[in-house]
Amino acid sequence: ACFGSSGCHNAVVASADLVSDLENLLEKADLLTFLRSSLGERLKLHHQLRLTIADCPNSCSQPQIKDIGIIGQAELICDPNECNGCGECEVVCEESAIVLDDGFLLSIDEELCVQCGACARICPSSAIDISANTYKILVGGKLGRHPQLARELIGSLDGDQVLDLVGEIADFFKA
């Protein structure tokens with residue numbers, strides 16, 4: 001897990017409880033015993049199911065290169081009628097996802113937005129706000145001889161839904 005819960009200013013979610021719940025879930029799944037019984041002496045570190053969680057889309061804990069990557073995200077709502085034209089949202093958006101018209105908020109380009117919430121945190125007029133803090137799940141990342149980045153499986157999950165999904169993935173892994 002990343003260190004976002006301990007005070008990172010980029011954290012969008014507080015995942016300390018989810019991390020603990022995931023650790024308990026994976027401990028109960030006892031994947032290491034399963035792997036040892038299946039592979040014996042051939043068991044290598046890369047056989048294990050690797051999971052990481054990042055509290056923001058900066059992804060410092062590298063969810064793109066793990067079997068399961070969990071990324072915190074801020075779901076945004078936009079009310080252009082509340083915009084005071086300060087332009088701070090455009091300045092803080094590293095993705096150029098803010099669409100302004102004559103200096104006033106028009107919309108957020110969903111294709112460019114990574115849901116980091118920086119624009120909502122800086123907006124003085126609540127023209128941009130966070131409606132929910134959720135998680136996006138990536139799967140299939142790996143390093144090694146044939147590296148690949150993980151692909152998005154699903155987005156907008158709450159903590160309980162993440163636990164359910166990781167439980168299903170652990171069961172699938174054992175099957």
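Biologist: Before we start, what does "buried" mean here?

Modeller: A residue is buried when its relative accessible area is under 20%. Keep in mind that this is a predicted model.

Biologist: Okay, so why is A170 called buried?

Modeller: Its relative accessible area is 1%, and the cut-off is under 20%, so A170 counts as buried.

Biologist: Where is A170 found, and what does it touch?

Modeller: A170 sits in helix α5. Leaving aside residues up to four places away in sequence, A170 touches L26, A29 and L31.

Biologist: How do you know that the span of α5 is close to the expected one?

Modeller: α5 has 16 residues, and at 1.5 Å a residue the expected span is 22 Å. From first C-alpha to last, α5 reaches 23 Å, which is close to that.

Biologist: What makes D158 a cap for α5?

Modeller: A side-chain oxygen of D158 lies 3.1 Å from the backbone nitrogen of D160. The cut-off for a polar contact is within 3.5 Å, so the pair qualifies. D158 caps the N-terminal end of the helix.

How values were computed. Residues are numbered from 1 along each chain as its sequence is written. This is a predicted model: local features need pLDDT of at least 70, side-chain atom pairs count only at pLDDT 80 or more; totals for chains, interfaces and linings use all residues. Side-chain values use heavy atoms; hydrogens and water are left out. Helices (H or I, at least four residues) and strands (E, at least two) are DSSP runs, numbered from the N terminus. The expected span of a helix is 1.5 Å times one less than its number of residues. A polar contact is a pair of N or O atoms within 3.5 Å; within protein, one must be able to donate a hydrogen and the other to accept it, and residues adjacent in sequence count only if both atoms are side-chain atoms. Buried means under 20% relative accessible area, exposed over 50%, partly exposed in between (1.4 Å probe, protein chains only). Contact means heavy atoms within 4.5 Å.
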